[in-house]
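Hello,

Here is the structure I said I would pass on. My notes on it follow below.

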Amino acid sequence: FRNAFLFMSFMTYIDFGNQLVPGGLTPFMKGAICANLAWMTVWPLDVVKSQVQSGNFQGQDIPSLLKELHRSGRLYRGLLPGLTRSSIANGCSMEVYVRVQKIMEAQLA
């Protein structure tokens, strides 16, 4: 479920980016920025999911768990390293994707 929502968010931000930035972004920047926006969209629910799976918050509903994690400062713990990794990985992936796409288009044309 998380990956589907993450991918949906990523593609939505790609579409918005294409409409909002005249001339577009470089493939690296598009991949990095859109992936980070998608991660920031999904991050709080991913943290809640992990906490529920850990068994530390049994019997607590999602809204109260979100409030508890936000109040304690644990809701966004690890976000900066996650976004750094995401920027590098998704920026490079988008760059490779575009280059491979151009090579394939040239060979198939």
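At roughly what angle do the axes of α2 and helix α3 cross, and within what distance do they come? This is a predicted model, and in it the two axes cross at roughly 105° and come within 10 Å. Helix α3 covers residues 62-72. An angle from 65 to 115 degrees counts as roughly perpendicular, so α2 and α3 are roughly perpendicular to each other. On the α2 side the contact is made by Pro-44, Val-47, Val-48, Gln-51 and Val-52. On the α3 side the residues are Ile-62, Leu-65, Leu-66 and Leu-69. By class, the contact of α2 with α3 has eight nonpolar residues, one polar and no charged.

Helix α2 also packs against α1. Helix α1 is made of residues 2-20 and helix α2 of residues 27-54. Their axes are 8 Å apart, and the angle between them is about 140°. That angle makes α1 oblique to α2. The crossing of α1 past α2 is right-handed. From α1, the residues in this contact are Arg-2, Phe-5, Leu-6, Ser-9, Phe-10, Tyr-13, Ile-14 and Asn-18. They meet a set of α2 residues that includes Lys-30, Cys-34, Leu-37, Trp-39, Val-42 and Asp-46. The contact of α1 with α2 divides into 11 nonpolar, four polar and three charged residues.

Next, the loop between α1 and α2, where Pro-22 has its place. Pro-22 is exposed, at a relative accessible area of 78%. Between Pro-22 and Ser-54 there are 45 Å in space, C-alpha to C-alpha, and the two are 32 residues apart in sequence.

One more residue of helix α2 is worth a look: Asn-36. Is Asn-36 buried or exposed? Asn-36 is buried, with a relative accessible area of 13%. Leaving aside residues up to four places away in sequence, Asn-36 touches Leu-83, Ser-86 and Ser-87.

Now the salt bridges. How many are there by the rule used here? The count comes to three salt bridges.

- Asp-46 with Lys-49: the closest N and O atoms are 3.7 Å apart. The two residues are three apart in helix α2, so about one helical turn separates them. Asp-46 is buried, with a relative accessible area of 13%, whereas Lys-49 counts as partly exposed at 34%. Asp-46 is also one of the α2 residues that meet α1.
- Arg-74 with Glu-68: here the closest N and O atoms are 3.7 Å apart. Arg-74 is partly exposed, at 26% relative accessible area, and Glu-68 is partly exposed, at 29%.
- Arg-99 with Glu-95: the closest N and O atoms are 3.4 Å apart. Both residues belong to helix α4 (residues 79-108), and they are four residues apart, which means that about one helical turn separates them. Arg-99 counts as exposed, at 54% relative accessibility, while Glu-95 is partly exposed, with a relative accessible area of 23%.

If you open the model, a plain place to start is helix α2, with α1 packed at about 140° and α3 crossing at roughly 105°. After that, look for Asn-36 in helix α2 and for Pro-22 in the loop between α1 and α2.

Regards

How values were computed: Residues are numbered from 1 along each chain as its sequence is written. This is a predicted model: local features need pLDDT of at least 70, side-chain atom pairs count only at pLDDT 80 or more; totals for chains, interfaces and linings use all residues. Side-chain values use heavy atoms; hydrogens and water are left out. Axes are lines fitted to C-alpha atoms, for helices over the stretch in contact, and angles run from 0 to 180 degrees between N-to-C directions. Angles under 35 degrees count as roughly parallel, over 145 as roughly antiparallel, 65 to 115 as roughly perpendicular and the rest as oblique. A crossing is left-handed if the near helix is turned anticlockwise from the far one by less than a right angle, and right-handed if clockwise. Contact means heavy atoms within 4.5 Å. Ala, Val, Leu, Ile, Met, Phe, Trp, Tyr, Cys and Pro count as nonpolar, Asp, Glu, Lys and Arg as charged, and the others, Gly among them, as polar. A salt bridge is a side-chain nitrogen of Lys or Arg within 4 Å of a carboxyl oxygen of Asp or Glu. Buried means under 20% relative accessible area, exposed over 50%, partly exposed in between (1.4 Å probe, protein chains only).
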